[in-house]
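Here are my notes on the model, point by point. Please keep the sequence and the structure open while you read.

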Amino acid sequence: MALTTVTTDAERTLSAMFERRSADFSSAPLDRARADAFQRFSAAGLPHRRVEAYKYTDLKSKLRTLPEPAGEVSEADIEAALGAHPPFTTDAHRVVIANGRLIEERSSVPEGVRLSSILSSGADTEDVGALVADNDDPLTLANISLFEGGAVLHVDGEAGAPVEIVHVLPNGALAMGRVAIFVAPGMGASIIERFLCPADGVANNLAEITVGAGARLSVVRIAEDHSTGYSSFSNHHITVAETSQLEHLTVSTGLGLTRNQVFCAVRGDDAEANFRAATVAVGARHVDNTLVMRHDALHSRSSEVFRSAVGDGGISIVQGRIIVDPGAQKTDAKMMSNALFLDDSGEVVNKPELEIFADDVQCGHGATSGDLDEDPVFYLRARGIPEAVARRLLVEAFLVDALDRVEDDALRDGLADSLRAALAKNLGGASDAVGLRKAG
């Protein structure tokens, strides 16, 4: 019996959104790509549990309806959001994208970096879209066809200070912003991408990241300050050239539904890409970290480490796939996912995969899940630390270990504080709290 797919209100909202916007599309390459992308998206619709990559994050059922597309955002709302979340480092420059649109008057970049609007014409945007042209991921296709605006960053020299790309969605609406980052050969940069949404809403953001030969790039993605009715989708498409190095970290502490995706391709010999993720999935949180890592070069290396703390009904999903293409000999790729249960009500899904088509490689994956070890809890209690505090300290240490490759001390401390704050808000500290498993 053939299965019939029912069109939902959310899908009808997206179709109407495309119809309204398509009347204003230009002949620019990015606009020409919109129609093809939306045709491919609408043919399948929002992904559901029968789509393997979305089996544990069924968007067709979770997003039955969508809010209205976001309009212009007020200066007061932008100021309030930015003021409540100062930069992690004092020397950081900020690129502000509010309701999917670049706010140029509030944006700056350090020397060595060029910034332009993604909707501007000219050479600065001519390569945008190359990494996603053939991608069939539904969230990616939706952004390609419906994005409101965004930014293009060219790192032409050594960036002397970090760049924070701040996505602001203050009033609970539907927004899609897009970013493209090009790191020139031999150059280096630190990018921090933050998502701020204190109200209910839906954001679907796309970043294309090209790391040139011999370049060094650090990317930190943090989803914070979200409400229980917020849905955050972040899609990173990355290509890494020869002898370059990528450090990528995702930190998830916000409420609501979150799916962090990475599609990374190592295309150059002797390149390295390292991925880390730290997740607090306690209470009203559904966090899906999905990574597809493709090696298509000689002597390339990658490592993937996921840490999750789960309790009080929270859900953490880790899907990691490593693909080693034919001819990608001497690949060294390792993946590990570790989850810590804080009570009996959390849910963890670990789904590591290897697809190896070369015969001279070192690849492996592993996954663990369990409770806190009672021995260190006893050790701390024997030194006068209350049990609830001891347990929270151990959970913090477990998560903060995922930050080990962050070289900037101020940034690492700020990220650790975000993890601690999310745990403290849900787990308490000075007394027993919901989500802490009692000894014995």
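**Notes on helix packing, strands and loops**

1. The crossing of α6 and α7 is right-handed. Right-handed here means that the near helix is turned clockwise from the far one by less than a right angle, and left-handed means anticlockwise. Helix α6 covers residues 374–381 and helix α7 covers residues 387–400. They pack at an angle of about 130 degrees, with their axes 9 Å apart. Axes are lines fitted to C-alpha atoms, for helices over the stretch in contact, and angles run from 0 to 180 degrees between N-to-C directions. α6 and α7 are therefore oblique to each other. The classes are roughly parallel under 35 degrees, roughly antiparallel over 145, roughly perpendicular from 65 to 115, and oblique for the rest.

2. A word on the basis. This is a predicted model in which local features need pLDDT of at least 70 and side-chain atom pairs count only at pLDDT 80 or more, while totals for chains, interfaces and linings use all residues. Residues are numbered from 1 along each chain as its sequence is written, and side-chain values use heavy atoms, with hydrogens and water left out. Helices (H or I, at least four residues) and strands (E, at least two) are DSSP runs, numbered from the N terminus.

3. Which residues of α6 meet α7? They are Glu-374, Pro-376, Val-377, Leu-380 and Arg-381. Their partners in α7 are Glu-387, Ala-390, Arg-391 and Leu-394. By class, this contact of α6 with α7 has five nonpolar, no polar and four charged residues. Contact means heavy atoms within 4.5 Å. Ala, Val, Leu, Ile, Met, Phe, Trp, Tyr, Cys and Pro count as nonpolar; Asp, Glu, Lys and Arg count as charged; the others, Gly among them, count as polar.

4. Now the pair α1 and α2. Helix α1 (residues 9–22) and helix α2 (residues 29–44) have axes that come within 12 Å and cross at roughly 165 degrees. That makes α1 roughly antiparallel to α2. Their crossing is left-handed. From α1, Leu-14, Ser-15 and Phe-18 take part; they meet Arg-34, Ala-35, Phe-38 and Phe-41 of α2. The residues of this contact divide into five nonpolar, one polar and one charged.

5. Helix α5 (residues 138–146) is mostly covered, with nine of its nine residues buried. Buried means under 20% relative accessible area, exposed means over 50%, and partly exposed lies in between (1.4 Å probe, protein chains only). The buried residues include Pro-138, Thr-140, Asn-143 and Ser-145. Asp-137 caps the N-terminal end of α5. One of its side-chain oxygens lies 3.3 Å from the backbone nitrogen of Leu-139.

6. Look next at strand β15 (residues 285–295), where Asn-289 is found. Asn-289 counts as buried, at 4% relative accessibility. Its side chain makes a polar contact with the side chain of Thr-279 (3.1 Å). A polar contact is a pair of N or O atoms within 3.5 Å; within protein, one must be able to donate a hydrogen and the other to accept it, and residues adjacent in sequence count only if both atoms are side-chain atoms. Leaving aside neighbours within four places in sequence, Asn-289 is in contact with residues including Thr-250, Phe-306 and Ile-317.

7. Thr-290 is also placed in β15. Buried or exposed? Thr-290 is buried, with a relative accessible area of 9%. Its side chain has a polar contact of 2.7 Å with that of Asp-288. Another, of 3.0 Å, joins the side chains of Thr-290 and Gln-319.

8. Two loop residues deserve a look. Thr-243 lies between β11 (230–240) and β12 (245–252). Its phi is near 55 degrees, a positive value in a residue other than glycine. Asp-270 is in the loop between β13 (256–266) and β14 (272–282). Phi of Asp-270 is near 60 degrees, again positive in a residue other than glycine. At 37% relative accessibility, Asp-270 counts as partly exposed.

9. Finally, Phe-88. This residue is in the loop between α4 (75–84) and β1 (93–98). Phe-88 counts as buried, at 15% relative accessibility. Not counting residues up to four places away in sequence, Phe-88 touches several residues, among them Glu-164, Ile-192, Ile-222 and Leu-411.
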